[in-house]
Amino acid sequence: MVPIYKVGDRSAVSNYKPITLTSVVWKQLEHVVAGYLRQVWNKNVWLYEGQHGFIPEYSCESQVITVCQNIVDSLDDGVGVDAIIIVFSKAFVLVPRDRLLTKLAALGVDKRIVFWVREFLVGRTQRVRVCEQLSKEVKVTSGVPQGSVLGPLLFLVYVNDIWRNIDSSIRLFADDCIIYRKITNKNDIEKWQKDLDTLGEWAENGMKKNPGKIKAIRFTNAQVKTLLGYSLGAQRNPEASGCKYLGIILRNDLNWVDPINFTAQKT
């Protein structure tokens, strides 16, 4: 495994992404299994339509455009939208393998493939290479390997049921999640909080929320804005006038001055 630096303090382990190195022959075998899985999924039309990560013909751009268009349509109708943006910490690393295999089997995948995936995941060890130095091997007890061909697809299998029992709109790009709902009356507020409770309960089964990256935002044209009071699990979510989502800064009035300035500063 090679640690790839992301952002922040270079001395902090949490600021590195663990990328698993496998042989070319092994990757080719993964491609064969991945091709089979995609055939099964396309035939059964099981993949959640709100997921745009690791899917052909979808991207960050398609996800952002869809979310923004939904919000704009509501604002044009004079209806505000409440949203919470969630980032799961170490999502690929924390996937519970037993639950993952159970979900995979429930999708109609051949039992032999499920067994093969189990052997692919269980009993793994890893060691870290920094320059030419190698650490001692340690057992890997959870997660799907990042840097592998199958890792992203197996992650999609695990999060594919996140929308169940949730009435609000929920969209994902891999492990980046946004949940939002039109708010017209008190009843909508109660349903919205119920959906957040359901999402919080789902996340407790393996996923770890990053408290510092969870933001609540109210998209509205109203001049006088009431404060949000929602919570996700035991955490009360701080309200923001704007937040970053998939590289784009979204303001509560959908004004694009901040995104334009942010992009201009990088060029």
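Predicted model: local features only at pLDDT ≥ 70, side-chain atom pairs only at ≥ 80, totals over all residues.
The secondary structure of the protein chain comprises eight helices and 15 strands. Its radius of gyration is 20 Å, close to the 18 Å that the globule rule gives for 267 residues, so the chain is as compact as a globular protein of that length. Along the principal axes, the C-alpha atoms occupy a box of roughly 60 × 45 × 35 Å. Of the 267 residues, 43% are buried. Contacts in the chain were also sorted by sequence separation. Among those with a separation of 6 or more, 68% join residues 24 or more positions apart.

Helix packing was examined next. Two packed helices are described by the angle between their axes and the distance between the axes. Helix α1 spans residues 24-44, and helix α5 spans residues 111-121. Their axes come within 12 Å and cross at roughly 140°. The crossing of α1 and α5 is left-handed. From α1, the residues in contact are Trp26, Leu29, Glu30, Val33, Tyr36 and Leu37. Their partners in α5 are Ile113, Trp116 and Phe120. By class, this contact has eight nonpolar residues, one charged residue and no polar ones.

The second pair is α4 and α6. Helix α4 covers residues 97-105, and helix α6 covers residues 150-159. The two axes lie 9 Å apart, at an angle of about 85°. An angle of 65 to 115 degrees counts as roughly perpendicular. Helices α4 and α6 are therefore roughly perpendicular to each other. On the α4 side, Arg99, Leu100, Lys103 and Leu104 take part in the contact. On the α6 side, Leu154, Val157 and Tyr158 meet them. The contact of α4 with α6 has five nonpolar and two charged residues, with no polar ones.

Helix α6 also holds Val159. A residue counts as buried under 20% relative accessible area. Val159 has a relative accessible area of 3%, so Val159 is buried. Leaving out residues up to four places away in sequence, Val159 touches Gln51 and Trp202. Asp175 is 16 residues from Val159 along the chain. The C-alpha atoms of Val159 and Asp175 are separated by 8.2 Å.

Backbone geometry was then considered. Most residues other than glycine have a negative phi. Phe54 is not a glycine, yet its phi is positive, at about 60°. Phe54 sits in the loop between α1 and α2, the latter spanning 60-76. With a relative accessible area of 36%, Phe54 is partly exposed. Ala174 likewise is not a glycine and has a positive phi of about 60°. Ala174 is in the loop that joins β8 (169-173) and β9 (176-183). Its relative accessible area is 6%, so Ala174 is buried.

A further loop position is Asn210. This residue lies between β10 (208-209) and β11 (215-219). Beyond its neighbours within four places in sequence, Asn210 is in contact with Val87 and Ser89. Asn210 is 154 residues from Pro56 in sequence. In space, Asn210 and Pro56 are 28 Å apart, C-alpha to C-alpha.

Conventions:
Residues numbered from 1 in each chain as written. Heavy atoms only, no water. Axes fitted to C-alpha atoms, helices over the stretch in contact; angles between N-to-C directions. Helix = DSSP H or I, 4+ residues; strand = E, 2+ residues; numbered from the N terminus. Left-handed = near helix turned anticlockwise from the far one by under 90°. Contact = heavy atoms within 4.5 Å. Nonpolar A, V, L, I, M, F, W, Y, C, P; charged D, E, K, R; others polar. Parallel < 35°, antiparallel > 145°, perpendicular 65-115°, else oblique. Rg over C-alpha atoms; globule rule 2.2 N^0.38 Å. Buried < 20%, exposed > 50% of the residue type's maximum accessible area, 1.4 Å probe, protein only.
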